[in-house]
Amino acid sequence: MSIRGVNINIQGLGYRYTSRGKPTFSNLMLESKRGEALAIIGRSGCGKSTLLHIIAGLNRPTEGTMHFDDKKIEGPSSRWVMMFQAPHLFPWMKVSQNVGVGLGFAGWPEKEKRERVDEALRLVELQDYADTNVQDLSGGQQQRVALARSLVMEPELLLLDEPFSALDAFTRASLQRDVRSIAKRLGFNLIIVTHDIDEAVLMADRALIMAGAPGKIVHEFEVPLDDPRQRQDPAVQAMRARLLDAFHSAAQVAGAPAEENPDQADTESSSVSQHA
Amino acid sequence: MSNDAAPGAAAAAAGLTGTRTSRAAEAAGRGVVNFSLGLLILAAFWWLGGYMIAMNPQTQSFAGFGLVQTLQSFPELWQLGKLQKAIVASGYRLGGGMLIAIAIGVPIGIIMGRSKRFRDLSNSAFQFLRMISPLSWMPIAVFVFKAWDDSIIFLIAIASVWPVIFSTAAGLSKVDPAWFKVARNLGATPLQMLTRIILPAISFDIFTGIRLALGVAWVVLVPAELLGVTSGLGYAIKDARETLAYDQLTAMVLTIGVIGYALDTICALLIKRFSWHRGDA
């Protein structure tokens with residue numbers, strides 16, 4: 001499986017659910033380099049999931065542009081695939097059929113499709129379940145099938161919308177570790193939306209904190225930790241504490257009117273900024 | 001890497017399937033016993049009723065309604081070709097009407113399920129039309145269509161289209177909207193969305209609607225054939241009554257029951273085959 005990432009360049013992005021409604025976010029800038037794992041953290045309602053849907057091409061922005069390697073993004077594509085909070089597998093299909101459904105849409109020949117599906121199932125260690133009905137799998141296994149369904153498309157970018165929040169702690173930790181290690185091994189980009197600080201520290205190279213209404217990116221942190229990352233590692237704990245402090249200060253920003261706090265945005269890095 | 005994907009679990013899943021299979025076999029065995037017993041009881045009552053009619057001098061001339069006489073009339077009906085002709089004629093009308101109902105009902109049901117605007121707009125009109133007795137369309141059908149066959153096909157279609165529409169729409173409204181999002185995300189075209197996501201997702205509901213529609217169509221078919229036409233099971237009943245051939249009349253009624261039951265069983269098997277809901281299989 002040969003996957004490569006993309007350089008992401010988002011300029012002046014804005015979104016309103018209705019033409020006269022308040023913007024969910026506006027004039028948002030974001031850059032991410034090839035193969036980077038980016039986490040967007042924020043409370044419910046700050047617009048982070050909407051942002052992810054727009055990056056996936058599932059929603060159209062009301063303003064701004066997005067480019068992946070100089071290609072303007074205007075709709076969904078199998079090159080940037082999203083994993084949702086729930087696996088949303090198709091229950092009338094077996095595991096292998098679920099994994100290969102995207103290849104089927106793309107008109108892949110059956111033999112090549114089977115080879116790619118087998119490879120993706122091996123990646124998520126579900127090769128023994130190819131012929132199992134997805135309804136017979138545990139929640140963690142179903143989420144692995146969803147991961148394989150995304151990986152089989154050889155995406156340049158994998159977008160994760162709180163994908164492990166419904167899982168138990170052990171399964172969640174295992175999947176967090178696995179997704180990061182697969183992404184690093186295959187070289188594709190990750191954008192993870194989460195409200196779990198630990199998840200951001202364990203999975204991301206860089207974490208952005210989003211807050212306010214309309215939503216804005218108020219903090220940015222590099223997460224320069226070695227792999228494999230362990231929750232109890234002091235460096236992980238220290239990073240977690242930093243992010244948590246920033247998260248709390250972001251919550252205070254969210255409580256105040258956005259236009260009265262234009263200087264709250266932390267611009268530790270030039271790659272992310274907010275122009276209110 | 002993972003810990004929740006132990007190969008042993010695959011064997012556990014296979015074990016689960018094995019247990020389910022043995023339970024299904026047990027249920028099927030029970031079903032056969034209940035089916036046979038129910039029919040035997042019905043036959044016993046029929047035989048008893050026929051015996052009493054035959055023993056009573058005042059009702060003796062109606063002895064043809066009895067079980068034995070009815071069964072004895074089948075070879076003659078077959079040799080004369082009456083039975084085959086009636087079944088073919090009725091089958092043609094039923095098939096034609098049902099095909100039209102499905103061809104119209106499924107797409108309308110899908111649009112209804114997908115579009116709230118269409119659902120709101122069409123609801124009152126559809127509910128109004130649905131409540132009109134199908135046979136009351138007969139004078140209009142005769143006026144519009146030149147052939148009696150076409151009129152009956154129209155009556156069957158208009159009677160059976162509603163269950164197909166409403167069942168399809170109800171099925172679609174229950175579909176997880178995230179499936180559409182996932183499919184779009186994986187590059188599904190609108191046609192692929194229809195054929196690979198929507199239709200498999202609601203096939204259970206479509207076949208349930210067809211099963212209900214078939215029941216309605218079968219009920220409408222016989223009275224419709226009592227009017228005007230000179231073929232079909234309804235006509236054969238009318239003809240037998242007029243010639244006082246009560247054994248043949250009852251044989252036709254029995255044929256209607258057997259065919260109706262067989263069609264319903266086929267629909268039930270299709271529902272089971274296409275159902276992905278746990279507990280339906």
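This is a predicted model: local features need pLDDT of at least 70, side-chain atom pairs count only at pLDDT 80 or more; totals for chains, interfaces and linings use all residues.

One pair to click on is Asp161(A), whose bridge partner in β8(A) is Val193(A).

Now zoom out a bit. Those strands sit in an open sheet of 6 strands in chain A, ordered β6-β7-β8-β3-β9-β10, and the pairing there is mixed. At the edges you've got β6 and β10, residues 216-222, each pairing on one side only. On average, neighbouring strands in this sheet are turned by 20 degrees against each other, ignoring direction.

Then there's helix α1, residues 48-55 of chain A, lying across β3, β6, β7, β8 and β9. Relative to β8(A), α1 runs at about 150 degrees.

Okay, over to β1 and β2 of chain A. These two make a hairpin, with 6 residues between them. Here the pairing is antiparallel, over 6 bridges, with β1 covering residues 8-16 and β2 covering 23-32. Have a look at Asn9(A): its bridge partner in β2(A) is Glu31(A).

Last bit, the contact between the chains. Chain A puts in 32 residues and chain B 23. On the chain A side, the elements giving two or more residues are β6, α3, α5 and α6. By class, that side has 16 nonpolar, 11 polar and 5 charged residues.

That's my tour, thanks.

Note on methods. Residues are numbered from 1 along each chain as its sequence is written. Chains are lettered from A and ligands numbered from 1 in the order in which they are written. Two residues are in contact if their C-beta atoms, placed from the backbone, lie within 7 Å. Helices (H or I, at least four residues) and strands (E, at least two) are DSSP runs, numbered from the N terminus. Ala, Val, Leu, Ile, Met, Phe, Trp, Tyr, Cys and Pro count as nonpolar, Asp, Glu, Lys and Arg as charged, and the others, Gly among them, as polar. Two strands pair if DSSP finds at least two bridges between them. Axes are lines fitted to C-alpha atoms, for helices over the stretch in contact, and angles run from 0 to 180 degrees between N-to-C directions.
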